[in-house]
Amino acid sequence: MNNTTQRTDPRVLRTRQLLRDAVIELLEEMDIEKISVNRIAERAKINRVTFYLHYRDLPDMLEKMADEMVGDILQVVNNDDNHHQSVDEENLRILESLLKHIAENAKFYKVILTSKRSPIFTDRLFNLMAEIISAHQEKKEGTADHSKTPIQKDIAVWYGSAALIGTVISWLRDDMPYTPVYLARQISMLRAN
């Protein structure tokens, strides 16, 4: 049997998780400019050389963390288990899954989205949401329930991305007072009006 799937050593995964957790904790406490590799290694309780086995420097680490965030969100959003839903039902299900994912990883998302310390994550998330909304906008244009109001596609994408990310940021800042399902339904009702 030819197994081409590469498996990463669990020790490597554990070390990377320690490093990510250390960066998130440090971002809670200080500006990104004050974070050094030494501080990350010290917080993660690893040797500084170990950091360099995984990342070139802090910007490389943040870039890879942002890539992982995008990958995780795409996996959640693309986990399409029901193809027989209407576009609105599908959008609601995707939004619920996305918000559940954010709630399960609330500490990470709260730090990276609610502070201005690391714009790479917000920028990546905005671009990702724009792509997802654009794809769903195109899908909806092909259905009979598509609105006859001529809204320029790029404006709808900008608005939808900014509104969604802004709502998620406010939800996180307020310590998620609503469940992901409730918030998704409220957002869906706003979009329907």
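Biologist: Leaving aside neighbours within four places in sequence, which residues is Tyr-55 in contact with?
Modeller: Keep in mind that we are looking at a predicted model. Tyr-55 sits in the loop between α3 and α4. Once its neighbours within four places in sequence are set aside, the contacts of Tyr-55 are Arg-16, Leu-19, Arg-20, Asp-60, Met-61 and Lys-64.

Biologist: Is Tyr-55 buried or exposed?
Modeller: Happy to work that one through. The relative accessible area of Tyr-55 is 3%, and buried means under 20%. Tyr-55 therefore counts as buried.

Biologist: What distance separates the C-alpha atoms of Tyr-55 and Arg-16?
Modeller: Arg-16 is among the residues that Tyr-55 contacts. Along the chain the two are 39 residues apart. Their C-alpha atoms are separated by 9.4 Å.

Biologist: Let's turn to another pair: how far apart are the C-alpha atoms of Glu-29 and Val-111?
Modeller: Glu-29 belongs to helix α1, which covers residues 10–29. Glu-29 is partly exposed, at a relative accessible area of 48%. Glu-29 and Val-111 are 82 residues apart along the chain, and the separation of their C-alpha atoms is 9.8 Å.

Biologist: Which residues of α4 and α5 make the contact?
Modeller: The crossing of α4 past α5 is right-handed. On the α4 side the contact uses Asp-72, Ile-73, Val-76 and Val-77, and on the α5 side Ile-94, Ser-97, Leu-98 and His-101.

Biologist: How many residues of each class are in the contact of α4 with α5?
Modeller: Asp-72 is one of the contact residues from α4, and Asp counts as charged. Ser-97 and His-101 come from α5. By class, the contact has one charged, two polar and five nonpolar residues.

Biologist: And Ser-134, what does it touch beyond residues up to four places away in sequence?
Modeller: Ser-134 lies in helix α7, residues 119–141. With a relative accessible area of 18%, Ser-134 is buried. Not counting residues up to four places away in sequence, Ser-134 touches Lys-153 and Val-157.

Biologist: Where is Lys-45 found, and is it buried or exposed?
Modeller: Lys-45 is not a glycine, yet its phi is positive, about 60°. Lys-45 is in the loop between α2 (37–44) and α3 (48–54). Its relative accessible area is 74%, so Lys-45 is exposed.

Biologist: What is the phi of Met-176?
Modeller: Met-176 is in the loop between α8 (153–173) and α9 (180–192). Met-176 is partly exposed, with a relative accessible area of 27%. Its phi is positive in a residue other than glycine, near 50°.

Biologist: Lastly, how many helices and strands does the protein chain have, and what percentage of its residues count as buried?
Modeller: The chain comes to nine helices and zero strands. Among its 193 residues, the buried percentage is 39%.

Key: Residues are numbered from 1 along each chain as its sequence is written. This is a predicted model: local features need pLDDT of at least 70, side-chain atom pairs count only at pLDDT 80 or more; totals for chains, interfaces and linings use all residues. Side-chain values use heavy atoms; hydrogens and water are left out. A crossing is left-handed if the near helix is turned anticlockwise from the far one by less than a right angle, and right-handed if clockwise. Helices (H or I, at least four residues) and strands (E, at least two) are DSSP runs, numbered from the N terminus. Contact means heavy atoms within 4.5 Å. Buried means under 20% relative accessible area, exposed over 50%, partly exposed in between (1.4 Å probe, protein chains only).
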